[in-house]
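Please look over the sequence and the model first.

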Amino acid sequence: MKLSVILVLGSFVVMALAYYLRRQHRWHVALMGSVMLFDVLFPIWLYLTHDWKRRLIDDGELFSFLVWTHLFLILTLYSLYVLQGLAGRQLLARMDEARESHRVQSRGIFIIRTFVFLTGALLIAPD
């Protein structure tokens, strides 16, 4: 699980770099696209590298409030990514009315993503 934490923290560094390069559109889009792709593929990697059947089914953690909170936050993050992508496409098409929406959604993505990381960290089983 140490590698998982390092990977997620590294993705936050990439996200911060994308924020600072927000005026360089190609870099910003590429970096944030990589963060979004990471967030979509990371649960698959976790599933392939950990014994979730034992933990969720056999140990009964499937009905844990924390597991469902984490899942809800992930789905919220994915929804924000879709909205952010749509607003970003409008900005690239020079529709400046989407700028405020894109800005507000970026704050929401950072906050939700932080909570996804924190709830995921709380779910780490000690060895």
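The model is predicted.

**Helix 4**

Helix 4 runs over residues 65-92 and has 28 residues. From its first C-alpha to its last it reaches 40 Å, close to the 40 Å expected at 1.5 Å a residue. At the N-terminal end, Ser64 caps helix 4, with a side-chain oxygen 3.2 Å from the backbone nitrogen of Leu66. After helix 4 comes Arg94, whose phi is positive, near 65°.

The buried residues of helix 4 include Val67, His70, Leu73, Ile74, Leu77 and Tyr81. The elements in the table are among those that cover the buried residues of helix 4.

| Covering element | Residues |
|---|---|
| Helix 2 | 25-49 |
| Helix 3 | 52-58 |
| Helix 5 | 99-122 |

**The core**

The largest nonpolar core has 13 residues. Met15, Leu77, Tyr81, Ile109, Ile112 and Val116 have the most contacts inside this core. Helix 1, helix 2, helix 4 and helix 5 each supply at least two of its residues. Helix 4 gives the largest share, five residues. Leaving aside neighbours within four places in sequence, Val116 is in contact with His70, Leu73 and Ile74.

**Helix 1 and helix 5**

The axes of helix 1 and helix 5 come within 12 Å and cross at roughly 170°. Angles over 145 degrees count as roughly antiparallel, so helix 1 is roughly antiparallel to helix 5. On the helix 1 side, the residues that meet helix 5 include Val5, Leu9, Phe12 and Met15. Their partners in helix 5 include Ile109, Phe110, Arg113 and Phe117.

Terms used:
Residues numbered from 1 in each chain as written. Predicted model: local features only at pLDDT ≥ 70, side-chain atom pairs only at ≥ 80, totals over all residues. Heavy atoms only, no water. Helix = DSSP H or I, 4+ residues; strand = E, 2+ residues; numbered from the N terminus. Expected span 1.5 Å × (residues − 1). Buried < 20%, exposed > 50% of the residue type's maximum accessible area, 1.4 Å probe, protein only. Contact = heavy atoms within 4.5 Å. Polar contact = N/O pair within 3.5 Å; in protein donor to acceptor, adjacent residues only side chain to side chain. Core = buried A, V, L, I, M, F, W, Y, C linked by side-chain atoms within 4.5 Å. Axes fitted to C-alpha atoms, helices over the stretch in contact; angles between N-to-C directions. Parallel < 35°, antiparallel > 145°, perpendicular 65-115°, else oblique.
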